[in-house]
Amino acid sequence: MTIAKSINEKHRTKIIIHKNWQWYLAEFDSLEQLHFFENVVGFRTCYLGMENGIARFSLSHEFEEEKYFWKLSELPAGVKPIKALCNGSIVTCYFLNDGKIIHWYRPNPNARNVYKPMTLQQHIRHHEVFGSY
C-alpha cells in the first residue's frame, strides 16, 4: 500500500492498495476511508518507509481474488457482503477473512440475479464516502 503527499500521473489517488503493482485493489481519498475499509474487512497496515514522497506500507493479510460467482449458493459459508467494484460498477460483492487471506468474491457481470449495479448517483456518492475497492 502507498500513501502519496500529492496526486500525480503516477499516483492518481492519495491512498492506494496495490495488487502485484500491476493493478489497484482499492484506492481512497482519505485516511478515514482507509480506516473504515480496514475495520470492515479486518486487516492492519505497517509502515515500511518513504520513497520519493510516497509512504509505503505492508498489509497484515493477503488479498485473493476468487473466480466470479454466478449464484449465492456458490459462495462459502461465512462470507460477508460489501459494496465494491466489479466490471466498473458498484455491486454487492463478498469477502471472507480466514485470518491470513482475505478472499474476495465478485459476481459475474452476466449473472443478472446477483449482478445488480447501483445507479450512477448512488455509485458517485458511495465512492465519495467510502473510496473504491
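**Salt bridges and a loop glycine**

Analyst: Gly 42 has a relative accessible area of 29% and is therefore partly exposed; buried means under 20%, exposed over 50% and partly exposed in between, with a 1.4 Å probe and protein chains only. The model is predicted: local features need pLDDT of at least 70, side-chain atom pairs count only at pLDDT 80 or more, and totals for chains, interfaces and linings use all residues. Residues are numbered from 1 along each chain as its sequence is written, and side-chain values use heavy atoms, with hydrogens and water left out.

User: Where is the place of Gly 42?

Analyst: Helices (H or I, at least four residues) and strands (E, at least two) are DSSP runs, numbered from the N terminus. By that assignment, Gly 42 belongs to the loop between α1 (31–41) and β4 (45–51).

User: Which residues does Gly 42 touch, not counting residues up to four places away in sequence?

Analyst: Contact means heavy atoms within 4.5 Å. With residues up to four places away in sequence not counted, Gly 42 touches Phe 37, His 61, Asn 97 and Ile 102.

User: How many salt bridges does a search of the whole structure find?

Analyst: A salt bridge is a side-chain nitrogen of Lys or Arg within 4 Å of a carboxyl oxygen of Asp or Glu. Under this criterion, the number found in the whole structure is three.

User: Which parts does the salt bridge of Glu 65 and Arg 106 tie together, and how many residues apart in sequence are they?

Analyst: The side chains of Glu 65 and Arg 106 meet at 2.8 Å, N to O. Glu 65 lies in strand β6 (residues 62–65) and Arg 106 in the loop between β9 (101–105) and α2 (120–130), so the pair joins parts whose separation in sequence is 41 residues.

User: What separates Arg 125 and Glu 128 in helix α2?

Analyst: These side chains form a salt bridge at 3.7 Å, N to O. Arg 125 is exposed at 52%, and Glu 128 is partly exposed at 48%. Because Arg 125 and Glu 128 are three residues apart in helix α2, the separation is about one helical turn.

User: How far apart are the closest N and O atoms of Arg 56 and Glu 51?

Analyst: Arg 56 is partly exposed at 22%, and Glu 51 is partly exposed at 43%. In the salt bridge of Arg 56 with Glu 51, the distance between the closest N and O atoms is 3.7 Å.
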